Each structure stands twice: as C-alpha cells, then as structure tokens.
Amino acid sequence: HGVDTPKSCQKAVMYYNPVAEKVVAAAQKSGGRGLIIEKARLTDGPARASRRLLGDEDDIIQYYQYSADKGSVDAQLTLGQLSFHGARGMPADPAVALSYYSRAADAGEPAAHAHLGHMYAQGIGVEQDDETALKHFRLGAARSNPAAQNGLGYMYMHGYGVEVSHAKALEHFRAAAQNGNAEAQFNLGAMYISGTGIKKAYDKALHYFTLAAHQGHTLALYNLGQMHLNGLGAPRSCPAAAQFLKAVAERGEWGADLEKGHRAFSAEADPFRALLLYAGLAEGGFEVAQANAAHIADSAVRRGVEHSELQPVTDAKALALDMFARAAQQGNVEARIKLGDYHFYGLGTRVDAESAVGHYRTASESQNAQAMFNLAYMHAHGLGLPRDFHLAKRHYDMAMDASTEAVLPVRIALVELYGMQLIEDMLQWPAVQRLRDSAVWTQVATSLMHGDEWQWDTIAIVVISPLLLMVAVIRRQRAMLRRE
C-alpha cells in the first residue's frame with residue numbers, strides 16, 4: 001500500500017511469502033487444528049460483543065453442556081468442535097473433543113464419525129489407528145457425509161490401512177467436493193496441479209483451490225498465491241498473489257492479539273491497552289486492527305476524553321485519521337466515510353471539503369447510503385461542490401434506494417431542499433429585488449448571512465417551521481370536524 005515507503009508489490013510478496021510459509025507449516029503440523037481467530041469489529045456494537053469473547057459465552061457453553069448431557073447430538077457435536085479447536089473460551093482439549101464426538105457417533109451422527117476418523121487417522125488425542133479411522137470414515141460416508149467421504153479419499157490417496165488407489169481417492173474427493181467440503185476441494189486441486197492419478201490441469205487446480213479458498217482454507221489460499229505469482233492456470237499477477245499471501249500471513253498465532261484487544265476494550269474497559277494491541281497488528285497490515293484502533297481513538301475524540309483515556313497518545317485525532325486511511329486503503333467503506341468526515345470537519349488535518357467529497361464519492365461507489373447522503377448535502381449547500389439542487393435531489397434519492405434506514409433522514413432533508421429552492425426563487429421576485437435595497441433587508445441579511453453565504457439551515461427553519469405549524473393546525477381542525 002505504500003505506507004511510509006514507496007509502493008512495491010514485489011517487495012510485499014518477498015516479505016509476505018516466508019511468513020505465509022510459516023503459517024502453512026504450522027497448519028500442516030497441527031493436523032487440521034488450526035488457530036481460530038475471531039476478527040471482532042468494535043463497530044459491531046455491544047450487542048454482538050456480548051455474544052463473543054465475553055461473559056455471556058459461559059452461559060452459552062453451559063447451555064450446550066446441559067443439552068449434551070440430555071442427549072442432544074447437535075450440542076455434543078458443537079462442544080466437540082469447540083474443544084477440538086479451542087474456541088468460544090474453551091481450551092483446546094482433544095480428549096474432551098473425543099468424548100463428545102464418541103457420544104454423538106454412538107447416536108448415529110455421521111459428522112461425528114468423520115471427526116473421529118480424522119482424530120484416529122492423525123493420532124490426535126488418541127493412539128494413531130488406521131483401521132479405526134477407516135471404520136468411522138466408512139460409517140460417515142455411508143450416510144453421504146462430505147467430511148467422511150474426504151477422509152476415505154485421504155486414506156486411499158496415501159494407502160493408510162488400504163492399498164493406494166488414486167482412482168478411489170479421486171472418486172471420494174469428487175463426491176465430497178460436490179457436497180461443498182473445502183478439504184476435498186483442496187485435495188482435488190492438489191491432484192490436478194501435481195497430476196497425481198489424473199492428467200495435470202492448472203486451470204482445474206485453480207478452480208478447486210478457489211472453491212476451497214472461498215471457505216477460508218489456508219493451504220488453498222497459499223497455493224492460489226503461488227499460482228498467481230508464477231502464472232499457473234491464470235495470468236501472472238503480483239497484486240493477486242500479494243492479497244492471497246497476505247490473507248495467509250494474517251492467520252498466524254500473532255493474530256491472537258485481535259481477541260486480546262477486543263477483550264481489553266469490551267470486557268476489561270481498558271481502551272489504551274486495547275489500542276496498543278491493535279496498533280501492533282495495524283502496523284502489520286491487519287485491516288480489522290486498523291479499523292478498531294481508529295474506532296478507539298475516534299470514540300475518545302468524540303467524547304472529549306482522549307487526554308484521560310489515551311493519555312500517552314499526543315494526538316488522537318491524527319492517529320484516528322491515519323488508521324482510518326489505512327483501513328480505507330484496504331476497502332473498508334465505513335473507514336472511507338470517516339476519512340471524509342475528518343477532512344470535512346478538519347479533525348487531525350486542515351478543513352478540506354474537496355478531499356471529503358473525494359472520499360464520499362469513493363464510498364458511494366459501494367452503494368453506501370451515508371456517503372450518498374453526504375454528497376447530496378454538499379451539493380445542496382455548495383460545500384466542496386457547486387451548489388446544484390438537481391444533483392442534491394438525485395443523491396438523496398440514491399441514498400433512499402440504497403438503504404431503508406435512510407428514508408426518514410432523506411425525507412427531512414428534502415423538506416429543507418425544497419425550502420431552499422423556494423427561497424432561491426423568491427429572491428428573484430421583483431418585490432423582493434426592491435426590498436433588497438431597503439434597511440429592513442440589511443437587518444435580515446445580517447442575521448441570516450455569514451460573510452457572503454446564506455445560512456440555509458437557519459433560513460429553512462424560519463420558512464418551514466410556520467408551514468409545519470399550519471399543517472398541524474389544519475390536521476387538528478379536520479380531526480375535530482370528523483369527530484363532530
């Protein structure tokens with residue numbers, strides 16, 4: 001992104017690649033127990049925060065445990081997965097996962113058989129046993145469970161407990177991939193790119209890696225990065241390779257600071273510690289961390305408490321502006337709007353309405369109603385743009401079409417807009433033109449103008465308020481007549 005250094009895709013890839021390789025090696029070594037990092041956004045609000053990472057998680061886990069003890073297969077399966085990966089506040093404990101999976105498998109749950117097959121095949125929490133792994137994979141595959149089908153393919157691919165059969169591996173991988181299993185899609189891609197048991201085809205490998213990557217498969221993301229970097233199955237593209245490798249690099253254990261930052265801010269009420277945690281990841285290019293750091297600084301600025309909550313930070317406005325700019329560079333539309341706001345109001349920078357317009361226009365290209373509303377307001381008042389009531393009306397309509405939440409604010413703004421148009425027309429009336437030469441006009445202009453500009457908000461209120469009062473009186477009179 002060219003932050004404090006000349007932009008260079010090649011250098012970015014050079015730095016991302018070894019980190020991505022380290023993440024891939026850790027994922028392969030863990031046998032599928034990759035680190036689960038919850039990328040919570042502080043802008044999601046307290047309602048979501050209460051459901052993630054905080055005290056309410058204990059209540060949810062207790063509910064699952066109660067349901068599992070009562071024989072709920074879904075609860076047993078969920079607790080098995082949480083215990084296997086270590087998520088939702090539960091520590092990673094393969095022995096506990098094995099217990100829950102076994103109970104669900106005894107009840108005939110095919111997904112539980114698939115999980116047990118994986119644990120026995122990899123020797124995770126149990127002694128490695130190909131025969132038992134095959135038994136569970138077959139039981140799950142018999143009921144068309146995609147993870148079990150993939151597991152059978154894996155056993156045939158490598159000859160674990162059975163003779164190597166690439167044909168049977170391909171058959172099971174295809175069945176699982178058609179049912180949406182990301183691991184099977186990755187395995188098919190691996191067969192096509194290496195030509196193992198099938199004719200080598202880079203385009204098909206790219207297709208299956210892409211399907212798996214859409215589900216967040218780490219190794220598929222890494223392979224896509226390498227294929228785009230080297231022009232295999234797709235035109236050589238350094239930017240695409242950098243994006244894929246960056247996504248992999250952000251899955252390392254260092255990403256756990258995202259959860260620590262969220263907990264520090266939401267549970268421990270320690271915004272400065274949260275800011276420190278997010279700032280470290282923000283420097284590493286984590287967009288969520290950049291947005292969260294900006295949110296903390298911006299929140300303190302808006303409440304006027306930046307000197308008490310963020311005491312070591314010398315300029316919270318400048319920090320928020322910098323973090324919003326970095327997040328916006330990575331496609332965060334809300335950050336782009338905040339960037340426009342900071343330039344419009346001169347927070348952390350000089351007042352620059354034209355720059356604000358540029359940011360709002362970029363955000364509006366993503367069909368963001370707030371950005372469209374802001375552009376409409378600026379067209380209506382001639383702020384950073386020529387005053388144009390027609391374009392203002394057009395952008396207000398676009399905002400209303402983009403979001404139902406914008407309907408009421410837009411209707412209120414349209415009342416102001418129509419009032420401004422009416423006043424503009426009235427100013428051209430001959431009687432008003434004659435009045436402009438009088439002392440009365442001078443007094444009125446003094447109260448309703450700032451410099452050479454009319455204070456349209458004040459004028460609109462003065463004109464519209466009596467009209468609204470008249471409407472209210474007429475409606476009341478009609479209601480009284482209907483009662484009579």
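## The disulfide

In this predicted model, a search of the whole structure finds one disulfide. The two partners are cysteine 9 and cysteine 238, and their sulfur atoms lie 2.1 Å apart. The angle about the S-S bond is -110 degrees, and the link is left-handed.

## Accessibility of the two cysteines

Are the two cysteines buried or exposed? Cysteine 9 has a relative accessibility of 21% and therefore counts as partly exposed. Cysteine 238 has 15% and therefore counts as buried. The cut-off that applies here is 20%: buried means under this value.

## Packing of helix 20 and helix 21

Another feature of the model is a pair of packed helices. Helix 20 covers residues 353-364 and helix 21 covers residues 369-381. They pack at an angle of about 140 degrees, and their axes are 8 Å apart. The crossing of helix 20 with helix 21 is left-handed.

Which residues make the contact? On helix 20 they are Ala353, Ala356, Val357, Tyr360, Arg361, Ala363 and Ser364. On helix 21 they are Ala371, Met372, Asn374, Leu375 and Met378. Sorted by class, the contact of helix 20 with helix 21 has nine nonpolar residues, two polar residues and one charged residue.

Definitions and conventions. Residues are numbered from 1 along each chain as its sequence is written. This is a predicted model: local features need pLDDT of at least 70, side-chain atom pairs count only at pLDDT 80 or more; totals for chains, interfaces and linings use all residues. Side-chain values use heavy atoms; hydrogens and water are left out. Axes are lines fitted to C-alpha atoms, for helices over the stretch in contact, and angles run from 0 to 180 degrees between N-to-C directions. Helices (H or I, at least four residues) and strands (E, at least two) are DSSP runs, numbered from the N terminus. A crossing is left-handed if the near helix is turned anticlockwise from the far one by less than a right angle, and right-handed if clockwise. Contact means heavy atoms within 4.5 Å. Ala, Val, Leu, Ile, Met, Phe, Trp, Tyr, Cys and Pro count as nonpolar, Asp, Glu, Lys and Arg as charged, and the others, Gly among them, as polar. A disulfide is a pair of cysteine sulfur atoms within 2.5 Å. Buried means under 20% relative accessible area, exposed over 50%, partly exposed in between (1.4 Å probe, protein chains only).
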